[in-house]
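Hi,

Here is the structure I promised to pass on.

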Amino acid sequence: MERYNKILNNSLFNEAINTITKNEKNRIFCRHGMEHCLDVARIAYILSLENNLNISKDIIYSTALLHDIGRAFEGEAHNIKSAELSKTILKDCSFTDNEISEILKAILNHRENNSDINSLSNIIYKADKISRQCYSCKAHSECYWEQDKRNHKIKY
């Protein structure tokens, strides 16, 4: 079994995803549940393949599944809380210390564009942004994203 499937069965992960889904039930803007996480995973994997980055599917999917779980908890930047929670989950799911370090770095940096285009951090950042379906958003007029950052075309 791929380790990202072990994450799906992790109780801490499920608690966080369920809390996010509940908290965002009435959210009009982009949501951060499983659908978003899987969109990010699939797009990041495509980016990795297109750019010959040689990053394993296991690492990409695991990072994408975990990158927003900190949104379940209030009071701290979600990328920082996501990394904190992810460390525990990744250890429970048999990731090595080096893999954990790489994944946590990408989670911590997924909110900022990274100049290293060949990094896990950068493909997660790009996939997170590309996954947004601005072209069909019902809250388009209320969105705080700048017009030039919105996705008006399907890319992946």
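Predicted model: local features only at pLDDT ≥ 70, side-chain atom pairs only at ≥ 80, totals over all residues.

One definition before the notes: a crossing is left-handed if the near helix is turned anticlockwise from the far one by less than a right angle, and right-handed if clockwise. Helices here are DSSP runs (H or I, at least four residues), numbered from the N terminus.

Residues are numbered from 1 along each chain as its sequence is written, and side-chain values use heavy atoms, with hydrogens and water left out.

Start with helix H4, residues 57-66: nine of its 10 residues are buried, so the rest of the structure largely encloses it. Buried means under 20% relative accessible area, exposed means over 50%, and partly exposed is in between (1.4 Å probe, protein chains only). The buried ones are Asp 58, Ile 59, Ile 60, Tyr 61, Ser 62, Thr 63, Ala 64, Leu 65 and Leu 66. What do they pack against? Their partners are helices H1 (3-8), H2 (11-23), H3 (34-50), H5 (78-92), H6 (97-109) and H7 (120-130), where contact means heavy atoms within 4.5 Å.

The axes of H4 and H6 come within 10 Å and cross at roughly 45°, which makes H4 oblique to H6. Axes are lines fitted to C-alpha atoms, for helices over the stretch in contact, and angles run from 0 to 180 degrees between N-to-C directions. Under 35 degrees counts as roughly parallel, over 145 as roughly antiparallel, 65 to 115 as roughly perpendicular, and the rest as oblique. The H4 and H6 crossing is right-handed. On the H4 side, Ile 59, Ser 62, Thr 63 and Leu 66 meet Glu 99, Glu 102, Ile 103, Ala 106 and Ile 107 of H6. Sorted by class, that contact has five nonpolar, two polar and two charged residues. (Ala, Val, Leu, Ile, Met, Phe, Trp, Tyr, Cys and Pro count as nonpolar, Asp, Glu, Lys and Arg as charged, and the others, Gly among them, as polar.)

**H5 against H6**

H5 and H6 pack at about 160° with their axes 9 Å apart, which makes H5 roughly antiparallel to H6. This crossing is right-handed. From H5, the residues involved include Ile 80, Ala 83, Ser 86 and Leu 90, and those they meet in H6 include Ile 103 and Ile 107. The class count for H5 with H6 is eight nonpolar, three polar and two charged residues.

**His 36**

His 36 sits in helix H3 and counts as buried, at 6% relative accessibility. Its side chain makes polar contacts with the side chains of His 67 (3.2 Å) and Ser 131 (3.5 Å). A polar contact is a pair of N or O atoms within 3.5 Å; within protein, one must be able to donate a hydrogen and the other to accept it, and residues adjacent in sequence count only if both atoms are side-chain atoms. Not counting residues up to four places away in sequence, His 36 touches Arg 31, His 67, Asp 68, Asp 128, Ser 131 and Arg 132.

**Two loop residues**

Asn 52 is not a glycine, yet it has a positive phi of about 50°. Asn 52 lies in the loop between H3 and H4 and is exposed at 67% relative accessibility. Ser 94 also has a positive phi, near 70°. Ser 94 is in the loop between H5 and H6 and is partly exposed, at 45%.

Cheers
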